[in-house]
Amino acid sequence: MDREAPLPTPEQDAVVTPVMGPSLKRQILVCTSKSCAANGSEAVLEAFKAQLIEEQLLFYKHNREGEIQCIQCGSVGFCAIGPAVLVYPDGIWYAHVTPADVPEIIESHLKGGVPVERLVRKRLG
Ligand code: FES
């Protein structure tokens, strides 16, 4: 299909797309598909959001200066070892994550840059 209008420039897009701003540094993806959900991934997702909001690190509609976006995602193939949590741009995939692991992941990895090795099962990049 041909476009009738020219694409907006990146600068024009940035005006209406806050996530394009400079604050965002990382994304956390938490799988909430069937197998991970059966092992408690919704609680893991909520634990990340709650602590990141408390620490003013979450990028969301009430904090456009947040450094971390937390995203609910579908299955990534870790179904037998979930809940799966992926951290980008680091390319670190965690398995067997529980809400009790969330403070350690935030402190060690998201704030300190050191992945929690006992939960790492895959590295991309
Ligand atoms: S259901 Fe979560 S990785 Fe498949």
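**A guided look at a five-stranded sheet**

In this predicted model, five strands form an open sheet with mixed pairing, in the order β2-β1-β3-β4-β5.

Visitor: What makes β2 and β5 the edges of the sheet?

Guide: β2 (68–73) and β5 (120–123) each have a single partner strand, so one side of each is left without a neighbour in the sheet. From one strand to the next, the twist averages 20°.

Visitor: Why are β1 and β3 called a pair, and in which sense do they run?

Guide: Pairing asks for at least two bridges between two strands. Strand β1 (residues 26–31) and strand β3 (residues 85–88) share four bridges, so they count as paired, and their sense is antiparallel.

Visitor: How do you know which way helix α3 runs relative to β1?

Guide: Helix α3 (residues 41–54) lies across β1, β2 and β3 and runs at about 155° to β1.

Visitor: What makes a residue count as buried, and what share of the protein does?

Guide: A residue needs 20 or more other C-beta atoms within 10 Å of its own. Of the 125 residues in the protein, 25% are buried, so that share reaches the cut-off.

Methods:
Residues numbered from 1 in each chain as written. Predicted model: local features only at pLDDT ≥ 70, side-chain atom pairs only at ≥ 80, totals over all residues. Helix = DSSP H or I, 4+ residues; strand = E, 2+ residues; numbered from the N terminus. Axes fitted to C-alpha atoms, helices over the stretch in contact; angles between N-to-C directions. Contact = placed C-beta atoms within 7 Å. Buried ≥ 20, exposed ≤ 12 C-beta atoms within 10 Å, placed from the backbone.
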